[in-house]
Amino acid sequence: MEHYELPLVFFTVFAQWGAGGVLALTLCQSFSATKFSANQYRMLALLFWIITVLGSLASLAHLGTPSGAYRSLAGLGISWLSREVVMFIALNAMIFCWMGLCWFKPQHRTVNLLGGMTALVGLASILVTSQVYYQMALHPLWHSAATPIGFLGTAVLLGFISVTAAYSYWHKPISILSRSGIFIGILLSVGALLVRYQIPGADASSPLLWWQLFASICVAVWGVSRLNLGLNSWGWIMLIVTGELAGRMLFYTNVMSGIPWF
């Protein structure tokens, strides 16, 4: 199980889900005709904050001595890992401020502005995380465009599909923007898989891949096709999350199980 790097799996998937959720919620609340009520907005903001915090806490389990995490800042000028730490500190601070403003003053004109800034920091954090792996030229399965594309795909797919499920759950008309976001997320995820499985060494026989294809891609497509029927179950969202977790487990074990690693 150590090759699956489960703390990093949950860190990357949940942090990307949270950032994608802020992006989706802010865009839909700013530009869609269908708006969430103040209380609904509060609940969604709290949900995405909790998801991001859970992801960030999972990353600490990867450290041998979590109390020494501050030492990771020492290489800020040369290390993408150090930059990742700084970006996620900034993201957690901003998403907390955004969530607090949503909770206490959801109608304030700066809510969407702060949400947009938080989403941009979230997207930048995802790209910095992808660079931690992309920079390893000795590992072609990470040193590939599939890494940033796949990470962004997770964020966009999970973020927009969560907001879309909320529209349906509260019996609101599904916005065109949220549908488009899901479609873009599916395209990014499929594109990342197509790129990755052109690389020698990619494990196309793993059950993890087939579960990702079923639970993430196929269920997302099925879910979009059912939106007009008022589908409001969160169960299919969690199924998609398991697909993304399976894909990320394969992302790590396909490289980490190799010997020698360096």
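Predicted model: local features only at pLDDT ≥ 70, side-chain atom pairs only at ≥ 80, totals over all residues.
Angles under 35 degrees count as roughly parallel, over 145 as roughly antiparallel, 65 to 115 as roughly perpendicular, and the rest as oblique.

**Entry 1: α1 and α8**

I looked up how helix α1, residues 6-31, sits against helix α8, residues 235-256. Their axes come within 9 Å and cross at roughly 130°. So α1 and α8 are oblique to each other. I noted the hand of the α1 and α8 crossing too: right-handed.

Next I listed who does the touching. From α1 I have Leu6, Leu8, Val9, Phe10, Thr12, Val13, Phe14, Gln16 and Trp17. From α8 come Ile237, Met238, Val241, Glu244, Leu245, Arg248, Met249 and Tyr252. Sorting the residues of this α1 and α8 contact gave me 13 nonpolar, two polar and two charged.

**Entry 2: Val13**

Is Val13 buried or exposed? Its relative accessibility is 0%, and buried means under 20%, so Val13 counts as buried.

Which residues does Val13 touch, once I skip those up to four places away in sequence? I found Thr154, Leu158, Glu244, Leu245 and Arg248. Glu244, Leu245 and Arg248 are among the α8 residues in my first entry.

**Entry 3: Ser125**

I moved on to helix α4, residues 110-134, where Ser125 lies. Ser125 has 0% relative accessibility, so I put it down as buried.

With neighbours within four places in sequence left aside, Ser125 is in contact with Met87, Phe88 and Leu91. I checked Arg83 as well: it is 42 residues from Ser125 in sequence and 8.8 Å away in space, C-alpha to C-alpha.

What lies 2.8 Å from a polar atom of the Ser125 side chain? I traced that to the backbone oxygen of Val121.

**Entry 4: His171**

Last stop was a loop. His171 lies between α5, residues 146-169, and α6, residues 176-196. At 66% relative accessibility, which is over the 50% cut-off, His171 counts as exposed.

I looked up the backbone angle as well. Phi of His171 is near 55°, a positive value in a residue other than glycine. I made a note of it because most residues other than glycine have a negative phi.

Methods:
Residues numbered from 1 in each chain as written. Heavy atoms only, no water. Axes fitted to C-alpha atoms, helices over the stretch in contact; angles between N-to-C directions. Helix = DSSP H or I, 4+ residues; strand = E, 2+ residues; numbered from the N terminus. Left-handed = near helix turned anticlockwise from the far one by under 90°. Contact = heavy atoms within 4.5 Å. Nonpolar A, V, L, I, M, F, W, Y, C, P; charged D, E, K, R; others polar. Buried < 20%, exposed > 50% of the residue type's maximum accessible area, 1.4 Å probe, protein only. Polar contact = N/O pair within 3.5 Å; in protein donor to acceptor, adjacent residues only side chain to side chain.
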